[in-house]
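Trainee: Could you take me through how burial and salt bridges are read in a model like this one?

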Amino acid sequence: MGIGQALEQRGFVPDMIIGTSVGALNGAITAAYPHKANLQLAQVWTELRRRDVYQLGYLSSRTSIFTDRGLRRLIAQAGLPPRIEQLKVPFTAIATDLATGDQVPLDHGDLESALLASAAIPGILPPVHRGGRTFVDGGVTAYVPVLAAQQAGAASVVVVSTGPESSPLPRTVPRRHAGAIIARAGVLLLHHQIERDLHEVAQRIPTVVLPTGTEDWPAPWDFGHSQRLIDTASRTAGRFIDELRISGPGLYRGENTTPAQACPDETTNFTKTGVSL
(Lines give C-alpha, C1' and ligand atoms only; values in the text may rest on other atoms or scores of the structure.)
Protein backbone atom coordinates (compact mmCIF):
# COMPACT_ATOMS: atom_id res chain seq x y z
CA MET A 1 0.00 0.00 0.00
CA GLY A 2 2.82 2.40 0.83
CA ILE A 3 4.55 1.66 -2.45
CA GLY A 4 1.30 2.39 -4.26
CA GLN A 5 1.14 5.70 -2.41
CA ALA A 6 4.61 6.63 -3.65
CA LEU A 7 3.68 5.74 -7.22
CA GLU A 8 0.38 7.59 -7.04
CA GLN A 9 2.03 10.74 -5.69
CA ARG A 10 4.29 10.75 -8.74
CA GLY A 11 1.42 10.44 -11.22
CA PHE A 12 2.03 6.81 -12.07
CA VAL A 13 -0.92 5.09 -13.78
CA PRO A 14 -0.25 1.52 -14.99
CA ASP A 15 -1.33 0.16 -18.37
CA MET A 16 -2.21 -3.17 -16.77
CA ILE A 17 -2.24 -4.74 -13.33
CA ILE A 18 -1.53 -8.39 -12.62
CA GLY A 19 -1.87 -9.64 -9.06
CA THR A 20 -1.41 -12.80 -7.06
CA SER A 21 -2.99 -13.71 -3.71
CA VAL A 22 -3.49 -10.64 -1.49
CA GLY A 23 -1.79 -8.66 -4.24
CA ALA A 24 -4.74 -9.48 -6.47
CA LEU A 25 -7.11 -7.70 -4.09
CA ASN A 26 -4.79 -4.69 -3.88
CA GLY A 27 -4.47 -4.75 -7.66
CA ALA A 28 -8.23 -4.88 -8.22
CA ILE A 29 -8.74 -1.89 -5.92
CA THR A 30 -6.03 0.01 -7.79
CA ALA A 31 -7.61 -0.93 -11.12
CA ALA A 32 -10.97 0.34 -9.89
CA TYR A 33 -9.59 3.62 -8.49
CA PRO A 34 -6.38 4.30 -10.46
CA HIS A 35 -6.03 7.92 -9.33
CA LYS A 36 -7.08 7.51 -5.69
CA ALA A 37 -6.35 3.91 -4.80
CA ASN A 38 -4.17 4.93 -1.87
CA LEU A 39 -7.13 6.16 0.16
CA GLN A 40 -9.12 3.02 -0.56
CA LEU A 41 -6.25 0.69 0.30
CA ALA A 42 -5.31 2.52 3.49
CA GLN A 43 -8.91 2.33 4.68
CA VAL A 44 -9.08 -1.40 3.98
CA TRP A 45 -5.82 -2.42 5.66
CA THR A 46 -5.53 -0.06 8.61
CA GLU A 47 -8.99 -1.01 9.87
CA LEU A 48 -8.58 -4.76 9.31
CA ARG A 49 -8.29 -7.30 12.12
CA ARG A 50 -7.33 -10.97 11.99
CA ARG A 51 -10.85 -12.17 12.78
CA ASP A 52 -12.13 -10.15 9.81
CA VAL A 53 -10.33 -12.48 7.39
CA TYR A 54 -9.49 -15.72 9.19
CA GLN A 55 -12.79 -17.01 10.51
CA LEU A 56 -13.62 -20.42 11.86
CA GLY A 57 -17.26 -21.39 11.61
CA TYR A 58 -19.92 -23.77 10.43
CA LEU A 59 -18.81 -23.35 6.82
CA SER A 60 -15.31 -24.63 7.48
CA SER A 61 -14.69 -28.08 6.10
CA ARG A 62 -11.97 -30.62 5.54
CA THR A 63 -10.69 -28.56 2.59
CA SER A 64 -9.50 -25.64 4.75
CA ILE A 65 -8.99 -24.45 8.30
CA PHE A 66 -10.88 -21.20 7.78
CA THR A 67 -13.92 -20.20 5.75
CA ASP A 68 -13.77 -17.54 3.05
CA ARG A 69 -16.67 -15.65 4.62
CA GLY A 70 -14.40 -12.89 5.95
CA LEU A 71 -12.57 -12.50 2.65
CA ARG A 72 -15.87 -12.27 0.78
CA ARG A 73 -16.97 -9.50 3.13
CA LEU A 74 -13.66 -7.69 2.65
CA ILE A 75 -14.06 -7.81 -1.14
CA ALA A 76 -17.65 -6.57 -0.89
CA GLN A 77 -16.63 -3.63 1.29
CA ALA A 78 -13.94 -2.56 -1.19
CA GLY A 79 -16.55 -1.12 -3.54
CA LEU A 80 -15.49 -3.11 -6.60
CA PRO A 81 -17.59 -3.78 -9.72
CA PRO A 82 -19.02 -7.29 -10.21
CA ARG A 83 -17.02 -8.10 -13.35
CA ILE A 84 -13.32 -7.80 -14.19
CA GLU A 85 -14.10 -6.07 -17.48
CA GLN A 86 -15.69 -3.17 -15.58
CA LEU A 87 -12.43 -2.16 -13.87
CA LYS A 88 -10.88 1.05 -15.21
CA VAL A 89 -7.43 -0.50 -15.75
CA PRO A 90 -6.99 -3.93 -17.42
CA PHE A 91 -6.61 -6.43 -14.59
CA THR A 92 -5.65 -10.08 -14.21
CA ALA A 93 -5.70 -12.25 -11.09
CA ILE A 94 -3.35 -15.24 -11.15
CA ALA A 95 -4.59 -18.55 -9.71
CA THR A 96 -3.29 -22.13 -9.78
CA ASP A 97 -5.29 -25.01 -11.25
CA LEU A 98 -5.28 -27.60 -8.47
CA ALA A 99 -5.67 -30.51 -10.93
CA THR A 100 -3.03 -29.61 -13.51
CA GLY A 101 -0.75 -27.25 -11.59
CA ASP A 102 -1.08 -24.69 -14.37
CA GLN A 103 -0.71 -20.98 -13.71
CA VAL A 104 -4.04 -19.53 -14.84
CA PRO A 105 -4.71 -15.85 -15.64
CA LEU A 106 -8.25 -14.79 -14.70
CA ASP A 107 -8.86 -11.66 -16.76
CA HIS A 108 -12.59 -11.70 -17.42
CA GLY A 109 -15.85 -12.67 -15.77
CA ASP A 110 -16.83 -12.60 -12.11
CA LEU A 111 -14.38 -10.52 -10.08
CA GLU A 112 -15.18 -11.89 -6.62
CA SER A 113 -14.50 -15.53 -7.56
CA ALA A 114 -11.27 -14.52 -9.31
CA LEU A 115 -10.00 -12.77 -6.18
CA LEU A 116 -11.07 -15.64 -3.95
CA ALA A 117 -9.31 -18.12 -6.23
CA SER A 118 -6.09 -16.12 -6.35
CA ALA A 119 -6.00 -15.85 -2.53
CA ALA A 120 -7.09 -19.41 -1.66
CA ILE A 121 -4.04 -20.40 0.41
CA PRO A 122 -3.98 -24.22 0.30
CA GLY A 123 -5.31 -25.70 3.50
CA ILE A 124 -5.97 -22.26 5.00
CA LEU A 125 -8.79 -20.98 2.76
CA PRO A 126 -11.06 -23.17 0.63
CA PRO A 127 -10.36 -23.87 -3.05
CA VAL A 128 -12.57 -22.03 -5.52
CA HIS A 129 -14.61 -23.74 -8.25
CA ARG A 130 -14.87 -21.57 -11.33
CA GLY A 131 -15.64 -22.51 -14.92
CA GLY A 132 -15.43 -26.23 -14.21
CA ARG A 133 -11.97 -25.98 -12.67
CA THR A 134 -10.70 -25.93 -9.09
CA PHE A 135 -8.31 -23.15 -8.14
CA VAL A 136 -5.98 -22.36 -5.25
CA ASP A 137 -3.62 -19.48 -4.48
CA GLY A 138 -1.70 -18.16 -7.47
CA GLY A 139 1.40 -17.94 -5.31
CA VAL A 140 1.84 -21.70 -5.65
CA THR A 141 3.04 -21.17 -9.23
CA ALA A 142 3.60 -17.41 -9.53
CA TYR A 143 4.10 -15.56 -6.27
CA VAL A 144 5.42 -12.58 -8.22
CA PRO A 145 3.65 -12.90 -11.60
CA VAL A 146 6.19 -11.13 -13.80
CA LEU A 147 6.09 -13.90 -16.42
CA ALA A 148 2.35 -13.35 -16.78
CA ALA A 149 2.98 -9.62 -17.23
CA GLN A 150 5.54 -10.27 -19.94
CA GLN A 151 3.24 -12.73 -21.71
CA ALA A 152 0.46 -10.13 -21.58
CA GLY A 153 2.66 -7.74 -23.54
CA ALA A 154 4.09 -5.46 -20.84
CA ALA A 155 6.95 -3.29 -22.10
CA SER A 156 8.32 -3.09 -18.57
CA VAL A 157 7.29 -4.33 -15.14
CA VAL A 158 7.07 -2.74 -11.70
CA VAL A 159 6.86 -5.21 -8.82
CA VAL A 160 4.83 -3.93 -5.88
CA SER A 161 5.49 -6.30 -2.99
CA THR A 162 3.10 -6.88 -0.08
CA GLY A 163 5.62 -8.82 2.00
CA PRO A 164 9.26 -9.81 2.41
CA GLU A 165 9.27 -12.50 -0.26
CA SER A 166 10.81 -10.47 -3.10
CA SER A 167 13.52 -8.98 -0.87
CA PRO A 168 17.04 -10.48 -0.76
CA LEU A 169 17.10 -13.74 1.18
CA PRO A 170 18.49 -13.32 4.72
CA ARG A 171 21.24 -15.81 5.55
CA THR A 172 19.85 -17.27 8.73
CA VAL A 173 20.05 -20.80 10.05
CA PRO A 174 16.78 -21.91 11.66
CA ARG A 175 16.54 -23.19 15.19
CA ARG A 176 16.95 -26.94 15.57
CA HIS A 177 13.21 -27.41 15.59
CA ALA A 178 11.03 -29.20 13.02
CA GLY A 179 8.64 -26.29 12.56
CA ALA A 180 11.44 -23.78 12.04
CA ILE A 181 13.21 -26.02 9.53
CA ILE A 182 10.00 -26.59 7.56
CA ALA A 183 9.30 -22.84 7.53
CA ARG A 184 12.83 -22.09 6.30
CA ALA A 185 12.52 -24.68 3.52
CA GLY A 186 9.26 -23.05 2.42
CA VAL A 187 10.95 -19.64 2.29
CA LEU A 188 13.81 -21.08 0.20
CA LEU A 189 11.38 -22.71 -2.24
CA LEU A 190 9.42 -19.49 -2.67
CA HIS A 191 12.50 -17.30 -2.92
CA HIS A 192 14.06 -19.38 -5.68
CA GLN A 193 10.81 -19.33 -7.67
CA ILE A 194 10.69 -15.53 -7.42
CA GLU A 195 14.35 -15.00 -8.32
CA ARG A 196 14.13 -17.36 -11.30
CA ASP A 197 11.13 -15.51 -12.72
CA LEU A 198 12.54 -12.03 -12.05
CA HIS A 199 15.84 -12.79 -13.77
CA GLU A 200 14.16 -14.48 -16.73
CA VAL A 201 11.89 -11.51 -17.41
CA ALA A 202 14.67 -8.96 -16.73
CA GLN A 203 16.63 -10.38 -19.67
CA ARG A 204 13.92 -9.08 -21.99
CA ILE A 205 12.29 -6.02 -20.40
CA PRO A 206 13.09 -3.55 -17.60
CA THR A 207 11.98 -5.13 -14.32
CA VAL A 208 11.77 -2.83 -11.32
CA VAL A 209 11.37 -4.21 -7.79
CA LEU A 210 10.36 -1.36 -5.49
CA PRO A 211 11.76 -1.57 -1.93
CA THR A 212 9.49 -1.66 1.11
CA GLY A 213 12.07 -0.47 3.64
CA THR A 214 10.97 -3.21 6.05
CA GLU A 215 13.16 -6.09 7.19
CA ASP A 216 11.32 -7.25 10.32
CA TRP A 217 7.90 -8.29 9.01
CA PRO A 218 4.98 -9.18 11.29
CA ALA A 219 3.09 -12.44 10.86
CA PRO A 220 0.77 -12.50 7.80
CA TRP A 221 -2.28 -12.53 10.08
CA ASP A 222 -1.11 -9.57 12.18
CA PHE A 223 -2.69 -6.44 10.67
CA GLY A 224 -1.88 -4.17 13.62
CA HIS A 225 1.28 -2.86 11.95
CA SER A 226 -0.36 -1.80 8.69
CA GLN A 227 0.06 1.95 9.09
CA ARG A 228 3.75 1.63 10.02
CA LEU A 229 4.40 -0.59 7.01
CA ILE A 230 2.54 1.81 4.71
CA ASP A 231 4.47 4.87 5.91
CA THR A 232 7.85 3.12 5.72
CA ALA A 233 7.24 1.73 2.23
CA SER A 234 5.99 5.09 0.95
CA ARG A 235 9.17 6.89 2.05
CA THR A 236 11.56 4.17 0.92
CA ALA A 237 9.96 3.51 -2.45
CA GLY A 238 9.58 7.23 -3.09
CA ARG A 239 13.31 7.86 -2.65
CA PHE A 240 14.11 4.89 -4.88
CA ILE A 241 11.75 6.04 -7.65
CA ASP A 242 13.15 9.57 -7.60
CA GLU A 243 16.67 8.24 -8.16
CA LEU A 244 15.70 5.49 -10.63
CA ARG A 245 17.20 5.64 -14.13
CA ILE A 246 16.30 2.89 -16.56
CA SER A 247 18.50 2.11 -19.56
CA GLY A 248 17.24 -1.01 -21.24
CA PRO A 249 16.31 -4.49 -19.97
CA GLY A 250 17.58 -5.45 -16.54
CA LEU A 251 16.66 -6.03 -12.93
CA TYR A 252 16.43 -2.76 -11.00
CA ARG A 253 16.16 -2.97 -7.22
CA GLY A 254 18.15 -0.90 -4.77
CA GLU A 255 21.87 -1.56 -4.81
CA ASN A 256 21.37 -4.77 -6.77
CA THR A 257 20.57 -3.01 -10.05
CA THR A 258 21.86 -5.19 -12.87
CA PRO A 259 20.96 -3.83 -16.31
CA ALA A 260 21.16 -6.49 -18.99
CA GLN A 261 22.09 -5.32 -22.49
CA ALA A 262 21.65 -1.72 -21.34
CA CYS A 263 21.34 0.91 -24.05
CA PRO A 264 22.65 4.32 -22.83
CA ASP A 265 20.42 6.23 -25.24
CA GLU A 266 17.27 4.29 -24.39
CA THR A 267 15.05 5.46 -21.53
CA THR A 268 11.88 3.58 -20.67
CA ASN A 269 8.78 5.70 -20.14
CA PHE A 270 8.20 4.90 -16.46
CA THR A 271 4.58 6.02 -16.53
CA LYS A 272 3.54 3.42 -19.11
CA THR A 273 4.48 0.23 -17.33
CA GLY A 274 2.73 -3.01 -16.46
CA VAL A 275 2.45 -3.59 -12.72
CA SER A 276 2.83 -6.91 -10.95
CA LEU A 277 1.61 -7.24 -7.38
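Trainee: Is helix α6 (residues 111-118) enclosed or open, and how many of its residues are buried?

Mentor: Buried means under 20% relative accessible area, exposed over 50%, and partly exposed in between, with a 1.4 Å probe and protein chains only; helices are DSSP runs (H or I, at least four residues), numbered from the N terminus. Seven of the eight residues of α6 are buried, so the helix is largely enclosed by the rest of the structure; among them are L111, S113 and L116. This is a predicted model, in which local features need pLDDT of at least 70 and side-chain atom pairs count only at pLDDT 80 or more, while totals for chains, interfaces and linings use all residues. Residues are numbered from 1 along each chain as its sequence is written, and side-chain values use heavy atoms, leaving out hydrogens and water.

Trainee: Which salt bridge involves E112 and R72, and what does it tie together?

Mentor: A salt bridge is a side-chain nitrogen of Lys or Arg within 4 Å of a carboxyl oxygen of Asp or Glu. The side chains of R72 and E112 form one at 3.1 Å, N to O. R72 lies in helix α5 (residues 69-77) and E112 in helix α6, so the pair ties together parts that are 40 residues apart in sequence. R72 is partly exposed at 36% relative accessible area, and E112 is partly exposed at 29%. D68 joins R72 and E112 in a network of salt bridges.

Trainee: How many salt bridges are there by this rule?

Mentor: The count comes to seven, including the bridge between R83 and E85 at 3.3 Å, N to O.

Conventions:
Helices (H or I, at least four residues) and strands (E, at least two) are DSSP runs, numbered from the N terminus.
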